[in-house]
Structure formats: structure tokens, C-alpha cells
Amino acid sequence: MSPDATMTTTAIEKPGGPTALRHDPGAVRGPRRRPGRLRTLGLPYLLLLPALVLELLVHLVPMLIGIVMSFKELTQFFIRDWGTAPWAGLDNYAVSVDFHAPVGEALLNSFLTTCLFTLLSVGLCWLIGTAAAVFMQETFRGRGVLRALFLVPYALPVYAAVITWAFMFQRDNGLINHVLHDQLGLTDSPPFWLIGENSFVTLLVVSVWKGWPFAFLIVMAGLQNIPREIYEAAALDGAGVWQQIRRITLPSLRPVNQVLVLVLFLWTFNDFNTPFVLFGRAAPEAADLVSLHIYQSSFQTWNFGTGSAMSVLLLLFLLVVTGVYLTVTSRGRKSADA
Amino acid sequence: MRRIRAAAVGAVTLSLVLSAAACGGGSASGGSGDNSRPKSLTYWASNQGANIEVDKKVLQPELDKFEKRTGIKVKLEVVPWSDLLNRILTATTSGQGPDVLNIGNTWSASLQSSGALLPWDEKNFRKIGGKDRFVESALGSTGVEGQDPAAVPLYSMAYALYYNKKMFAEAGIQKPPATWDELVATGKKLTRNGKAGIGVEGSNLSNNIHQVFVLGKQHGADFFTPDGKADFTSDGAVAAVKQYIDLMAQHKIVAKGNAEYAQNQSLSDFAKDRTAMVLWQTAATTFKAQGMDDSEWGVVPAPVRSGKPGRGTAVNSMVAGINLAVFKNTKNIDGAMQFVEFMTGDEEQKILNKAYGSIPPVTSAQADPAFNTPALAPLRETLATSAAALPQVPEESQFETVVGTAVKELFADAAAGRPVTTGSVRAKLEKAQQQMPRK
């Protein structure tokens, strides 16, 4: 049993570690290590206990149950008493990854759509957030107001914000078409945004709108840790703005970016609320993100076994990506430090 | 180190105990109800009024009445349609649910198969006055044939054709259509100046199903074989779906924007004189909420292919309605029975169905003149003579999802100007069928 405890402490000692990242980083904070009586008493562990228990309850136990479910034929006939559901072996997985059959094919499509969506969304969020943060380094009138304004999308409740977007994207009465079609006359007929191919664009717009303020916030905090003297020295040596950004800002932001991109990636890849609120029960194929797809596969077809198998596959994928990402980026950093 | 290990072991043990307790709720589900909490009931009502507040206002006085008579306090929660099925599934899984609940009658067989609801055998029916109190067609939508019903009918509804009198007068149309050919011809006359002949809710999966199910019947097709297998690609089924999509794709009497409608926007278009007809179930209360006077609209039976509505291929509506079910895990089985008896009694049936503009599925209450108004008579007539129950198979809810989605995607194609052909319809239905659980 002790490895569990050790694992958790390690994760907390490294705030950049995967465990601390995926769950609210502010929620778990261990006491700073100090030689003395307290340490020998094991007080840190005692203080960690509630967090550990909750972590097990809220995250690990359901995850384990989910893994068990994925090996069962948990359909509507058995949901009332899970114990009676027959074991399905690897059947649920076989169905999920059989890309020549409709279920697997749909999952693969959804997965690829999600990958493309995540790539674009994270890229744009990072780009816009970083650009805005760099510009906001200069002091000018109204900077405080702008800063606050930029953070609004991040502060708004997701549902309220996305419902508003859904209204704006309506074909006949929405604001977007009113501007694009009625006022600017850019299109021959008002396009659909919530059904058909355009729904991918809709999803991307809302996701970037929702995500970039976070990038902005984190990068802004990172920038404040770069000593001004370096810029002054560079300026004296004749470096222009662009060179300063390339040679000083970006390398100094590296550790911040490493965490930021990972967090944005995980959030965006797993995003459920945005597509669900925008498109409702059945998302158009072009915007069928994988978390929504899994939800549909479990709740609407009442086949929780297959849904769980898909979830486990997604979990494995994200673990691999995160692991590879952390290995590659930290190796890069070590060699840079050397 | 030992202490650390002890602490860790303690933590893990505690959490396992707690989680076992959390799961424990489900293990009680093997039982079938008791009377350990005889003085209270929890009731999940579906959203029948214009909004949830309206429902609370309608139901609360009746629940107070029930408490006065029996001393049982009923805790009411009105659950929106978008959440109801998920809530029931969650309650089924955890074993922690309400005592009594409303379900969409089309879900009866699906929920019945999960075993979460109390079966209504002879003995239970006797406690609420007997099975023969209920209208036959409503009982046809309470579960798989040959099994004890999973619920009892509470409100009945039927589809009918609602038409906007002002728009009909402006287009010089005297008589509302009775067949599909007439509907298309009438629709073409009405479709002009940015106004549309008829409205659909293209992104509302359940509504799509209701419509294509009826059209399927008219083409002699069921979506399930008699032994309960999915059969979505028969010629009749394909023709039915194509006929429905063609209202937009070929005849162009549906506005393209309707393809993304899912929140009853077609009804507000109707109330704003933008759409002249809708095929809907008990729309009266919604029209009123939209500010339409009862004299501004008319209602006739929904169209058939030819002749008069009746049985077989002359069916022109599904048996729509709400059923009342008792959760098997209830802690107040006797109270739940009393409550069902109360809600299906003549007095409450009249009060509630009047408030919601629906029709009582209880024969003795249906005789009340309030249900013979021009607004309700066609619905009552339809229910009695030409409505068919949706397939009573355990996979009904999956059917709604996959075929409803196929219809939604076809509407999206039609709206984007892509051709909708017999082949493309069949391909979509083929894909839907492959997504059904293997049997």
C-alpha cells in the first residue's frame, strides 16, 4: 500500500508532474519540507490523508470501475444490477477498434476530427494568448481594463457562454449570419453553422474564444518573471523587438509553455461541454468530438460496456501522449541546461 | 517508516470502505420495494406545460390535496425532457431514484428491459381500480406485448395537422389538406414571400422518429421485424424517410432553416405567421403561450396517402403520451400505489389533462365535454381510430437515436442543397441499422 503514498508525494513535489496537472493544481499543496520534529512525526502524510482519500474516491475508484466495466456486456438489461452483467472479454474493445465496421469507423473519424480540432485550437489559443501577453507588457493607458476584458471569456460560466454562441450561430436569426450575410453580403445564402461541415469552424471559434484567455494569463505571469535587465542589455546591444522576442522571451517562457501546451491539449481534447451545448444530442459528423462520441455511445445506446472501452482507449492514448510529451520536452530542457 | 505505512494503509482502507459504501446503493436494487418510509414520496414529473414553473403551479395544488387525504408528503421535481432519460438511467444504475415518475410512453419497453420499474400485474392494477379503466390504445404503449406493463398511461396525445387560419385565408385556401398530395399542393401555394408551407424540427431526433414512423406505417413498413430485429432499410422505410425529407428537398415547402430546429422554433414560426402548417401533438397550450388566440388556428387529422384515416396503412399518428411508473426500489410502495391511483382517478385526470391540453387515457374521464372541443376532438378521434404505438421493443430508445440522427443528417443535406435520393436515404439508414446492438 505504501507505493501509493509515495507516488502521491512525488507528484506533489513536482508541481509540473502529470497528476498535479490533470487535477486542480491548487487543490493539493503539501507542506514545504523542513527538517525537524514535524517531519519525523509523519505529519505531512497525515495532512495529505484527506486529499489522498478524496483523490482515490473521486478519480481512481471510478476510473478502476470504468476499466472493469469495459470488460462487461453492460447494456440496458444489466444496468440495474451490474454484478449480473456477463463478462465480455475483449469484445467491447474489438468492436471499438474494428475500423471496417460502422462503430469503429465512427470512432476513428471522431478521433481524427478531435486530433485536428485540438491541434488547431491549442495552436490558435497559444498564438493569440502569447501575442496578447507580449503586447500587454508595455505600459499604456487602459492596459488594466483591457487585461480584465481579455479574461472575461475565461471567467464566464461555460454553459452560459456557449448557449449564447449557439444563439449567435443560428442560421435564420443569429447574429453571425446577420453580419456576414445581411450586412456585409459575403455569402449568397445564409450558411448553416450548427449542422453540416461548417460546424467544425463553429466549434473551433468557440473553443479558441474560450481557451485563449487562459494562455494569455499564464504567459503574462511567465513574462513577469523575466528580468527587465536582460531586455535592457539586449537593447543596448542593438537587438530589435522581434529579436528580443525570439532570443529572450520565448526561451525564457519555455518551462511555462511546456506546461501550458500540455494543459490546453488535455482540456481541448477532452472538451465535452462546448460541443454538447452547441449541438445537443447528436453532433454533426464534422464536429463529433471524441468525448461527446463516447457519451453518445454509452448514454444514448445504453451500452456502457462499449462506452467504457472507448474511454479506456482514450485514457491510454492521452497517457501515452502526455508521457512522450513530458519525456521529450524535459530531455530537451536538460540538454539546453547542460 | 512504519507510521507512514500505517497511515497509507489507513487511508487506502478508509477510501475503499467509503467507495464500497458509495456503490452499496446499487446492491440494494435486488429487492422490490418496501414500506420503510411510509410518510413521503418523491415524484419526478416531466415538463408538460410551457415551462417548468407552469408545471409546478399545475401540480403543487394537486399534491397538496393528496397530502391532505393520505398524510403522505410528495416531493415534486419537474425534470426537463433533455435530462429525463439520463436521470432515469442514472437512478436505475445507482438504485437511488424517485418513488414515482413520469416517462415518455415510447421508452416503456426500453425501461422495462432494465428492470427498474415495477411491473403492473393483475394484482397491482387492482389496487388502482383495474386495467380496464384505461383506453386500449394507450395501454398499447406501456411495454413489450405479452409482458406486464412497465407503467400506466397518464396523459394521452396524438399528432394532428395544425394550420394558421390567417395564412390560409391570405392564400385563398378554403379547406385544410387531408392527404399528402393535397398537403404538398397546398404547401406550394403557401410558400411565397419568405413564408413556408409547413414546418419541421429537423434536429429534434424524437420528433423525426414520430414523423417517419407514421409515414412508414403508411408505406406498410415497420422499423422492426415481428421478432424485434431492426429493419430500417426495407423499401417502405426508405420511401417513408425520403417522403418526409422531400417536403424540403423536392417540394421545397419547408424553409431550409428548419433543418437546425430542435427547440420548437417551428411552433413560434407558426405563431408569427411565417409557417402555415405544422404536424404536432397537442400544440394548443404552446400556441397560447406564444400569444396566439385559439381562434387563429385550426386543427384537422394528420394527412394519409389516400382516403380516410384508419388502421393499417391509414394510420396517421403515433400513440403519443406520458406514462406513470413506480420505481422498483421505492421505500414507500403502498404510498406509491395510492399516488398512482390518485393521479389516474377521474377527478385528477380531468384537472391535469385540461391544464395540459392533453386527453385522459382513462375512459370515464375522457367523456367529459372539455375534451370534445374543436381543438381536442380531432386528437381524440385520432387516438381512438387511427393511431399506432411505436415499436414496443427494448431497443426503442436506440432506434430513436440512430434513425432520428439519420433523418437529421438528411435534412442537413437537403438544406445544403445536396441531392437526397433513394440511394442516399438507404445508405444513411443502412449505417443507422449497423449501429444498433447486435442480437
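The model is predicted, with local features needing pLDDT of at least 70 and side-chain atom pairs counting only at pLDDT 80 or more, while totals for chains, interfaces and linings use all residues. Residues are numbered from 1 along each chain as its sequence is written, and chains are lettered from A and ligands numbered from 1 in the order in which they are written.

**Stop 1**

Domain 1 of chain B puts 28 residues into the contact and domain 2 of chain B puts in 27 residues, where two residues are in contact if their C-beta atoms, placed from the backbone, lie within 7 Å.

Now stay on the domain 1 side of that contact. Helix H4 (108-114), strand E8 (317-326), helix H16 (377-385) and strand E9 (387-388) of chain B each give two or more residues to this side. Helices (H or I, at least four residues) and strands (E, at least two) are DSSP runs, numbered from the N terminus. H16(B) gives the most, with six residues. By class, this side has 14 nonpolar, twelve polar and two charged residues; Ala, Val, Leu, Ile, Met, Phe, Trp, Tyr, Cys and Pro count as nonpolar, Asp, Glu, Lys and Arg as charged, and the others, Gly among them, as polar.

**Stop 2: H10 against H17**

Next, select helix H10 (235-249) and helix H17 (residues 396-415) of chain B, whose axes are 9 Å apart at an angle of about 30°. H10(B) is therefore roughly parallel to H17(B) (angles under 35 degrees). Show the side chains of B:Val241, B:Tyr244, B:Ile245, B:Met248 and B:Ala249 on H10(B), and of B:Val407, B:Leu410, B:Phe411, B:Ala414 and B:Ala415 on H17(B), which make the contact. The contact has ten nonpolar, no polar and no charged residues.

**Stop 3: two loop residues**

Go to B:Asn264, in the loop between H10 and helix H11 (265-271) of chain B. Phi of B:Asn264 is near 60°, a positive value in a residue other than glycine. B:Asn264 counts as partly exposed because it has 18 C-beta neighbours inside 10 Å (20 or more would be buried, 12 or fewer exposed, with C-beta atoms placed from the backbone).

Finish at B:Asp273, in the loop between H11 and strand E6 (275-281) of chain B. Phi of B:Asp273 is also positive, near 60°. With 14 C-beta neighbours inside 10 Å, B:Asp273 counts as partly exposed.

How values were computed:
Axes are lines fitted to C-alpha atoms, for helices over the stretch in contact, and angles run from 0 to 180 degrees between N-to-C directions. Angles under 35 degrees count as roughly parallel, over 145 as roughly antiparallel, 65 to 115 as roughly perpendicular and the rest as oblique.
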